[in-house]
Amino acid sequence: MKIAILVGTRPEIIKMAPVIRECRKRKLDYFIIHSKQHYSEKLDGIFFSELDLPAPKYNLNVGSGGHANQTGRILITLEPILMSEQPDVLLVQGDTNTVVAGALAANKLHIKVGHIEAGLRSFDQTMPEESNRIIADHISDYLFAVTDLQVGYLKSEGLPESKIFKVGNTIVDALLSHRVHAEKTSQVVSELKLQTKGYYLLTSHRAANVDDPDALKEIIELIGKIPGQVCWPIHYRTQKVLKESKIDLPGNLAWTDPVGYSDFLSLLSNCTAVITDSGGVQEEACILGVPCVTIRDSTERPETVDVGANVLVHRNAEAMVAALNRPMSPWTNPFGDGHTAERIIDIIMGQHVRPVPQTQDTVCVVGLGYMGLPTSLLLAKAGVRVTGFDLREKKVIEINSGRCPFEEHGISELLTAALKTGNFKAQTKPATADVFVVAVPTPHDNKKCDLSFVVSAVNSLLPVMKNGNLLIIESTIKPKTCEDVVLPILQSKNLKVEVAHCPERAIPGNTLHEIVHNDRIIGATSPEAAQRAARLYSTFTKGASHQTNLVTAECVKLMENTFRDVNIALANEFSLIADKFRFSVSAAIKLANKHPRVNILQPGIGVGGHCIAVDPWFLTEDIGELNLIRTARTLNDEMPKHTVGRIQNKISPAVKKIGILGVSYKPDVDDARETPALAVAKLLSKKYKIRCHDPFVKDWDLQLFPIEEVDGWADVLVILSNHKAYASRKFESPLLSFDKLINADWCDSTRSSTALLLTKEKIEAEPRRASRRKINDR
């Protein structure tokens, strides 16, 4: 096999060095092409000698220029080389114009392309690197991804799994192999009269920051705000802009020309923190344990942020200073073990055996409810041996007989298939397994997180757990639960069990799709535990996995639902304002949402479900001085009272019997947890006779009647959960629709809620008129 290796910039030379050395070590037929996109000896040539690399066989001498010009010249000069050499594969690394041009040239000649660092995404289309990454990925034959995050991005873009390989980052190989050499040979810290850990390192080279004189002035102003000495190896292009724009440098800056790799490693290793706009430097700092502050809005290396090594501040001086002064905790390098180059060459040479999906871990899922059962069945479908454990014998018998205990599209078919293959069974006792998943409810008790089910579940597993197991908590829990409650239970039994928290992020009515396609947040006691959990979920998920620490993962789910709760509260308060000033809130929201940066939600009768109505209390339980979230939660909890007032305003004083239609917390599901309809029904029952109906809900706190015993019996029907089934039914009793309940009809006083004020007796006296009004109201 013949391998062509294409480089063009300093980071590419550094990151390709381990691959080149691996080819040399194995005595493979390979050659190097250098586009010379970086054309200065200081910016590239010195790295070949420092890294002990052979000279390139071909130098394209492209130099600088506009993107189209540079890319086109690389294509033109590279094509005849590839046609002459006929390599079996061309390796490219990163996201430069060299990379996209090389991938295009090889692809057109039917030469296989291997893209190292595939799947990086900043989701910032203003960066030219973003389009380069995407194009290179979509025409490559080997996609060498760094972490599960990039693997997830590639999968979500529809790229075949057969092309995707998670290998780690070659920068780890390069750093580990060269750091000792740099410590012995580099004198740059002393030459620049810098004190170890007594200066900040700055690197800035992106056009958006340094080519525009105004942006560059902001960078210079940032330097002046940094509380200490700053060292900046300034790119020659940037030096030119500084000189032409007559920009004065601040007194705390010690600058130098671009430095070699050994010197840069020495500067980075010995600084207090680094301020950068470089993706590669973000990685290097994270690997070396150096705090990083990134002067950009987005990053294609979010793992650095997730582990706490990096903070994004754009060019905001206050945010930068705060980030530099932030309390720091140790983190673990997320980019690999230093054997990435070996894996890449193994894969290209056909010596790599793609691992079979991780089915060797057996799983016991505790709690077979709305999330536990679907998760169990999806794992079973992927070939994992799963035991479902639930204390309710009736439910276990029902599941083992092939009947799903709740309404959810697609679950019954999955259950039938899982039972048929034997990969899943339900039982009332926990089973030994490699991985345990806890998916039990966490209700709230007096606005506090009730952890009794979680604690009981973990305790029930202790007799069957063994050292080396992984415990995943999917239940929604308050911050610090894993550290303060779960881990001490395990430690009390001297169990060496790692813990991960992967909060469920799916919604009833669309559960299977969201479990499969939504991204996963995985916090764990160690990176290895997070990766193990990610591997398990990757057997059936298509969304990306984002790995972090335990408390961050615990808070993510709570913050998501709190965000929604606060915004629902805003919509609900708008509706109360609309009642006061007599305007249609839905019409106003529709018009307000025509603004490109406004997206107001629709108001309702309150907030229900096990998540949004509960999670904000968990998040604020141990926070005393902040009240915005609690205020929003209280407003939403009071909406049933306002809803009852609206009903009473719209019906005749003669009404004695009210039929409530729809009691689930949202339309077209059978989930009535925390439903505001219950509070509405109880409040109405103090003054009226009520009967409730729901086509989906089976068990509820109040008696549910067949529709035939509600419609016709009631003086008026009120829709609280707007099920589609109600839209197609012709009702005998007058109907107060969901829309009419939420919206005042102030915009058209001639068509207000007159029909809703009629009693059943008056409707019978005026059948033609009432029928017409009922149709209008529906």
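Is Glu 85 buried or exposed? In this predicted model, Glu 85 is buried, with a relative accessible area of 9%. The cut-off for a buried residue is under 20%, so a value of 9% places Glu 85 in that class. Glu 85 also has a charged partner: it forms a salt bridge with Lys 57, and the closest N and O atoms are 2.8 Å apart. Lys 57 sits in the loop between H2 and S3, while Glu 85 belongs to helix H3 (residues 67-85), so this pair ties together parts that are 28 residues apart in sequence.

A second salt bridge links Arg 24 with Asp 52, with 3.8 Å between the closest N and O atoms. Arg 24 is found in helix H1 (residues 10-25) and Asp 52 in the loop between helix H2 (41-50) and strand S3 (58-59); the pair therefore ties together parts that are 28 residues apart in sequence. As for accessibility, Arg 24 counts as partly exposed at 35%, whereas Asp 52 is exposed, its relative accessible area being 52%.

These pairs can be set against the whole structure, in which a search finds 38 salt bridges. Another of these joins the side chains of Glu 300 and Arg 296, at 2.5 Å from N to O. Both of these residues, Glu 300 and Arg 296, are buried. They also take part in one network, in which salt bridges that share partners join Lys 15, Asp 95, Glu 117, Glu 129, Glu 130, Arg 133, Arg 206, Glu 283, Arg 296, Glu 300 and Arg 301.

Turning to the strands, an open sheet is formed by 6 of them, in the order S10-S9-S8-S11-S12-S13, with parallel pairing. Its edges are strand S10 (253-256) and strand S13 (310-312), each of which pairs on one side only. On average, and with direction ignored, neighbouring strands of this sheet are turned by 20° against each other. Within the sheet, strand S11 (residues 273-276) pairs with strand S12 (residues 292-294) in the parallel sense over 3 bridges. Here Thr 276 has Thr 294 in S12 as its bridge partner.

Helix H10 (residues 213-225) lies across strand S8 (199-203), strand S9 (229-233) and S10, and runs at about 145° to S9. Helix H13 (residues 279-288) lies across S8, S11, S12 and S13, and its angle to S11 is about 165°.

S14 is joined by 4 bridges to strand S15 (residues 386-389), and the two run parallel. In this pairing, Cys 364 stands opposite Thr 387 in S15. Together with helix H17 (residues 372-381), S14 and S15 make a right-handed β-α-β unit. S14 is also joined to strand S17 (residues 435-438), again by 4 bridges and with the strands running parallel. There, the residue opposite Val 363 is Val 435 in S17.

Key:
Residues numbered from 1 in each chain as written. Predicted model: local features only at pLDDT ≥ 70, side-chain atom pairs only at ≥ 80, totals over all residues. Heavy atoms only, no water. Pairing = 2+ DSSP bridges. Right-handed = clockwise from strand over helix to strand, strands pointing away. Salt bridge = Lys/Arg side-chain N within 4 Å of Asp/Glu carboxyl O. Buried < 20%, exposed > 50% of the residue type's maximum accessible area, 1.4 Å probe, protein only. Axes fitted to C-alpha atoms, helices over the stretch in contact; angles between N-to-C directions. Contact = heavy atoms within 4.5 Å.
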